[in-house]
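Okay, let's talk aromatics today. Have a look at this one with me, and then I'll walk you through the ring pairs.

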Amino acid sequence: MSVESPRRQLRVAEFTDNYGPGSNGLTVALQALEGNLLDAGHEVIVVAPAAKGVNPHKGRPGRTELRLPSMWFPGVPTRIATGRHFERTIEKLAELKPDAIHVHGFGAIGALGTIAARRLGIPLLTTWHTDFEAYADYYSQWLPLLDGVLKAFARLSDGALVDKDEMRAAEIKFENHGYGASLIGMCAKMLELSDLVTTPSPKTAAHCLQIAPDAAVRVVPNGVDPLPVGPPPFERPQGPLVMYAGRIAPEKGITLLTEAFELVVNHRPDARLMVVGDWDHHPPIRRALKNGRDKGIIILPGEQKRDDLGAFYAMADIFAFPSQTDTQALVLHEAALAGLPLVSVDSELTLVIDPPINGTITRPTPASLAAGILRVIGRLDDDVWRERASQRSVELASQWTIESQAEEMLGIYRDLAG
């Protein structure tokens, strides 16, 4: 649904390091925001690394796209901006004169947006979408590649984002993790320089304030609408069906889920785990999933278009979420909107989980996660509990729709531009 246009048209520059090639929660949220801005008659400038991917708004009136040179690095889910054309992009923004700059994350493009806002005197909004510290633990192998990017920011920002002496001290103190320490320091400065910081959950707001205690922070969850439900994509197994959907990567806890499910089937041999996503990229995860498939206990439908996921949620009895690195997890909201009970290992991410009414939160160990799944399986035959769980899931997730989020973001943009 479109949002009523205010009297004055806005021009907003959206800076993101994550705009393809693959689909993910950040891309879905950003493209939904783009669509609502355009539908309301506003103008959007998208600044992102050059990459091929799903781009539903390309060519729409009122939309400008600035793509910067990027590189692909093995094991990293997005392309990384190389630092070329940064000065040219700032000059282009000076010509376009956006009313506000909205930075989505803390990568090279996000830092460029912060520098551009500071240099051009444009109001700056930053949204924390990704737990950068947690991801650095899983992708530390590519942190040294950002040495050149850090040095470029030290020059471009005149020390506002990266101080050369601080960076050298961090490298000496933390050895191989020095780059990560420097990047966290840069994140803190980006937060402090923002007129406002939004986060998609209270969990993320707390982490943000740990890094930058003086930042102005507001929780604005990403909106999610129910997905269409099509016909069942395959014949459903007879026993309880546990589902995970989303990106398949080390930080998502997939091996934790597979180890837990081995314990589940020891008690419930008829239980099955359905993992929906592109599972063929990370060897340890691929081996664990293929082993479960070969045993007949894991179903691997592969990656699906987002609009097709509704049929998979409709087939499932339970949604299992083994990640601790998500800042909101749109798939949790999608599963809740589908009326599923939820089992999660993230005790800080509770926007759509109300234990024990619509699920449970366990410790992040195979035994604890398995016990949580078995507890919920044991309640599935209780029609009263199952109906109440479904109602509670839908009730919690319905608080944040795409339209309501767009209205709140438009209010923020108007305040900044005013």
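So, Trp128: this one is buried, with a relative accessible area of 3%. By buried I mean under 20% relative accessible area, with exposed being over 50% and partly exposed in between, using a 1.4 Å probe and protein chains only. Quick caveat: this is a predicted model, so local features need pLDDT of at least 70 and side-chain atom pairs count only at pLDDT 80 or more, while totals for chains, interfaces and linings use all residues. Residues are numbered from 1 along each chain as its sequence is written, and side-chain values use heavy atoms, with hydrogens and water left out.

How many aromatic pairs does a search of the whole structure find? It finds 4. Rings of Phe, Tyr and Trp (its six-membered ring) pair if their centres lie within 6.5 Å; planes under 30 degrees apart are stacked, over 60 edge-to-face, and the rest tilted.

Trp128 pairs with Phe106: the centres are 5.2 Å apart and the planes sit at 80 degrees, so that's edge-to-face. The two are 22 residues apart, with Phe106 in the loop between strand 6 (100-104) and helix 3 (108-120), and Trp128 in the loop between strand 7 (124-127) and helix 4 (132-138). Those are DSSP runs numbered from the N terminus: helices are H or I, at least four residues, and strands are E, at least two. Phe106 is buried too, at 5% relative accessibility.

Next, Phe234 and Phe312 make a tilted pair, 6.4 Å centre to centre with 55 degrees between the planes. Phe312 is buried at 4%, whereas Phe234 is partly exposed at 25%.

Last one: Tyr244, Tyr313 and Phe319 form one aromatic cluster.
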